[in-house]
Amino acid sequence: MIEATLADVAGRDGYIHAFTHVTADRALTEAAEVDAAIAAGRHPGPLAGVPFAVKDLFDIVGVATKAGSKIHAARLPAARDAAAIRRLNAAGAILIGALNMEEYAYGFYTDNPHHGRTLNPHDPTRTAGGSSGGSAAAVAAGLVPIALGSDTNGSIRVPSSFCGIFGLKPTYGRVSRTGSLLFVSSLDHIGPLARGVGDLAAVYDVLQGPDADDAVCAKRPPEPVTGLLDRAGEGLRIAVAGGYFAEMLSPESRAAVDAAARSLGVVDTVDIPCSDAARAAAYVITSVEAARERFTELRDRIGDFGPNTRYRFLAGAFLPADWYVKAQQFRRWYSRQLAGLFQHWDVILAPVAPVPAPSFADHSAIIDGKELALRPLLGRFVQALAPAGLPIVVAPFVKRPALPVGVQIVAAPFREDHAFRVAAALENSGLFGPQPR
Amino acid sequence: MSKPVDWDAYLEAMSAMIGLTIPADHREATIAQLKLNAEITQPLLAFDMPEGTNPAPVFKP
């Protein structure tokens with residue numbers, strides 16, 4: 001099976017360019033170990049023999065962690081696997097390689113100036129989304145059934161939407177980030193992408209658990225969700241986000257939210273307060289912390305940054321401390337407002353992106369008769385939720401032959417189970433799920 | 001912001017303070033990005049923060 005996966009990657013990845021490195025020898029060794037465990041009568045783990053790949057910001061022993069950059073590509077190979085890879089390996093999953101991404105995870109296109117452009121498997125003239133574009137494209141194309149990505153301001157959610165697959169941003173602190181290159185520690189999450197809710201849940205269950213090496217990782221035991229999927233949306237109080245989340249929305253994105261609401265019998269809407277300020281807070285936190293993380297590279301190697309990230313990193317180093325602390329205060333206030341909403345609702349539905357995957361050639365979109373610049377538009381709904389650190393599953397609405405569009409299924413902190421159950425209900429409806437390969 | 005900002009002077013002073021020199025050929029684009037950041041941040045700056053709101057990060061020794 002792993003030989004077939006490696007052959008498939010070798011034969012088809014050239015069309016979409018999802019991979020930046022293939023760990024063929026390692027994969028074959030790991031497969032042999034799983035076979036040996038089975039032959040010896042040992043349980044090989046819940047993910048035995050399942051191939052997976054990771055965004056190129058997870059450390060892979062013996063491989064330089066490029067993080068989409070020219071600068072880090074020249075660094076020494078990692079001495080140890082990231083914690084998430086170790087957990088998946090311990091469950092029997094087999095690492096196939098590293099996946100393309102935006103430079104240092106900063107952007108929604110995965111049109112990388114150093115490592116190439118990842119194409120959307122549904123239409124190669126369009127972006128796969130970002131920054132975990134390689135992760136989403138590899139899963140959507142069926143090169144691997146599961147992948148890992150990271151999400152700071154939407155970097156799992158946007159590519160999952162554009163490529164028509166399921167994705168999870170867990171609660172902030174639920175899953176260890178040890179061994180992944182930080183972008184914005186206050187907002188960074190890691191999480192899985194998959195073609196089905198069951199696979200997404202199986203990977204999430206393996207990834208959970210405390211880790212003293214990650215300062216923000218919660219000291220909570222794993223709370224598995226796989227056994228809860230059969231309950232689907234039964235008894236859950238669900239509303240659709242209105243106001244800010246119902247504005248600047250293309251007909252395709254609106255149709256996805258409407259289809260989810262109809263399928264679940266949802267009639268109520270709820271206003272999430274001050275979402276424009278929430279987006280601004282996420283923007284400030286991102287700008288300042290990203291610049292601090294890369295300060296040495298900005299000082300010594302500014303010419304080696306790509307044109308789309310260079311000035312965002314540079315400007316972030318000069319923002320006033322007052323803005324940053326206010327953004328962190330706002331985050332506290334905003335989380336409390338959302339906690340109040342979750343007293344009344346278990347799940348809130350919201351769009352992922354205002355539009356389906358745009359073409360690389362397009363720089364604007366027309367929505368409600370207005371021409372809007374695409375790059376700032378794409379993060380509108382995902383970035384506004386970023387400061388709250390909530391668990392969010394993306395479910396892909398596929399109305400053939402149109403492009404896929406995802407819906408955010410948002411739950412209260414550490415209630416991933418609620419988001420997963422609603423995702424399962426949508427998958428069961430037959431309206432949500434990936435297109436056949 | 002009530003008064004116009006002299007971004008060139010701001011960048012010059014801050015560069016010296018944080019030890020990050022902006023090469024001449026990157027200066028104009030960096031100032032343009034700073035102006036954009038200020039515009040994007042307006043909804044946050046306009047938000048009336050309730051007194052005593054703790055910043056989100058909590059340090060536990």
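The model is predicted: local features need pLDDT of at least 70, side-chain atom pairs count only at pLDDT 80 or more, and totals for chains, interfaces and linings use all residues. Residues are numbered from 1 along each chain as its sequence is written, chains are lettered from A and ligands numbered from 1 in the order written, and side-chain values use heavy atoms, without hydrogens and water.

**Sheet**
- In chain A, 11 strands form an open, mixed sheet in the order 1-3-2-8-10-9-16-17-13-11-12. Strands are DSSP E runs of at least two residues, and helices H or I runs of at least four, numbered from the N terminus; two strands pair if DSSP finds at least two bridges between them.
- Strand 1 (19-22) and strand 12 (269-270) of chain A are the edges, each pairing on one side only.
- Strand 9 (166-169) and strand 10 (189-194) of chain A run antiparallel, joined by 2 bridges. A:Gly167 has A:Leu193 as its bridge partner in strand 10 of chain A.

**Aromatic pairs**
- Over all chains there are 15 aromatic pairs. Rings of Phe, Tyr and Trp (its six-membered ring) pair with centres within 6.5 Å; planes under 30 degrees apart are stacked, over 60 edge-to-face, the rest tilted.
- A:Phe397 and A:Phe432 form a tilted pair, with centres 5.2 Å apart and planes at 40°. A:Phe397 lies in strand 16 of chain A and A:Phe432 in the segment after helix 15 of chain A, 35 residues apart.
- A:Phe432 is buried at 3% relative accessible area. Buried means under 20%, exposed over 50%, partly exposed in between (1.4 Å probe, protein chains only).
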